[in-house]
Amino acid sequence: MAAPEEPELSQAQTEKLLQFQDLTGLESMDQCRRTLEQHNWNIEAAVQDRLNEQEGVPSVFNPPPSRPLQVNTADHRVYSYIVSRPQPRGLLGWSYYLIMLPFRFTYYTLLDIFRFALRLIRPDPRGRVTDPVGDVVSFIHSFEEKYGQAHPVFYQGTYSQALNDAKRELRYLLVYLHGNDHQDTDEFCRNNVCSSSTRSIFCCVSVSQALRENTYPFLAMIMLKDRKMTVVGRLEGLIQPEDLINQLTFIMDANQTYLMSERLEREERNQTQVLRQQQDEAYLASLRADQEKDRKKREEQEQRRQEEEKVRQSALAEERRRRTLEEEKERKSECLPPEPPADDPESVKIVFKLPNDTRVERRFLFGQSLTVIYDFLFSLKETPEKFQIVTNFPRRVLPCLPTEEQPNPPTLKEAGLSRSEVLFVQDLTDD
């Protein structure tokens, strides 16, 4: 039978899934999804549960083995510093302890019963966080009202955002879990959190459950180790300010090599990325230069092609014009009237001097139009395409072609030509 298909994830669940994978370093997406589903998609609890498993603490969803888990490598060993309440000393101390024991037992028993009843009526708000940032802001306001504003700068964001920032900036993340009802909370906040000696070293995040604290006050030092956000130190109990500074310094010194290694590795990755980016930019610049050369080459080829096409079209047009001119010359030659005989009394002998210094002689009739002379010269191959006929003395241009003022050109007799004339053909092609 085929396995049932898993329901499709929403956009918010997909973002949490990718963020959980990035924070924990798990490669299996199915394992990341199962872990988040077990924690009801509470990414903060899921991340910390995963970190605790790496430290040797069994998951709440996995029963512990018959023997406690053993941490074999130093990379997963967590430094823990637990401060127990001082034991009574001497006869007077033990007497006071025994006298106050019934009262203390009764007080804490009633307090536990009251807290249990309160939890039944109002469940622990840490299990149903809907506005983590708002809870942090509310905590800061209540903390300042009770202890004043002389305190470290609390991180105003979610636990996941704090983990992301610490991972991105390669910094230590010091997490403080605050228990309002614990008997040592007030003393710890006044002497440690608000102390001038610890104010510069704290970078606190007020978060809800997820670090599996045993007692309050509780501090956890988290850093990027082996590409995973790992708890490298735990401080539990009422610790003195100087001791707190020494313990935090010891934890940071002990793990400084890992942080330096991560920084060097990240710097190397950044340099590799910058080098790759520079190589990509150089490649793109070279590619753009080659593309620009190809573009110019194509433009030059297109320009040459257009010029060649223009020359070809011009040659074709010139060839068509030449053929049309030859056909027109042939048509004019066929339409010319026959040349009259030399003994015809109405004949006129005309010698034409062409622009190429050649002479052409022909006879015409006095009664013929000057257009006949023009058509005869036009039909000759030596005659230019455009020309006009000019007399020598007196110099005048014969009106051989019809115009608007003179639609019918005059005859040779009307033009005043004698029986023997010499006319000049003037080239007008350039004009």
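Let me start with how helix axes are handled: an axis is a line fitted to C-alpha atoms, for helices over the stretch in contact, and angles run from 0 to 180 degrees between N-to-C directions. Helices (H or I, at least four residues) and strands (E, at least two) are DSSP runs, numbered from the N terminus.

Two notes on the source. This is a predicted model, where local features need pLDDT of at least 70 and side-chain atom pairs count only at pLDDT 80 or more, while totals for chains, interfaces and linings use all residues. Residues are numbered from 1 along each chain as its sequence is written, and side-chain values use heavy atoms, with hydrogens and water left out.

Now the overall picture. The protein has nine helices and eight strands. Of its 431 residues, 33% are buried. Buried means under 20% relative accessible area; exposed is over 50%, and partly exposed is in between (1.4 Å probe, protein chains only).

On to a helix pair. How is such a pair described? By the angle between the two axes and the distance between them. Take α8 (residues 241-335) and α9 (residues 370-379). They pack at about 135°, and their axes are 8 Å apart. So α8 and α9 are oblique to each other. The cut-offs: under 35 degrees is roughly parallel, over 145 roughly antiparallel, 65 to 115 roughly perpendicular, and the rest oblique.

Which residues meet? From α8, they are L325, E328, K329, K332 and S333; from α9, D375, F378 and S379. Contact here means heavy atoms within 4.5 Å.

Next, helix α6, residues 159-169. Which of its residues are buried? Y159, S160, A162, L163, A166 and K167. These cover an arc of only 160° around the axis, so they sit on the same side of α6. That arc is taken from the directions from the helix axis to the C-beta atoms.

Look just past the end of α6. There, L170 takes a positive phi of about 55°. L170 is not a glycine. Why point that out? Because most residues other than glycine have a negative phi. L170 lies in the loop between α6 and β2 (173-177). Is L170 buried or exposed? L170 is buried, at a relative accessible area of 5%.

One more residue of this kind. R227, also not a glycine, has a positive phi near 65°. Find R227 in the loop between β3 (218-225) and β4 (228-236).

That's it from me. Questions are welcome.
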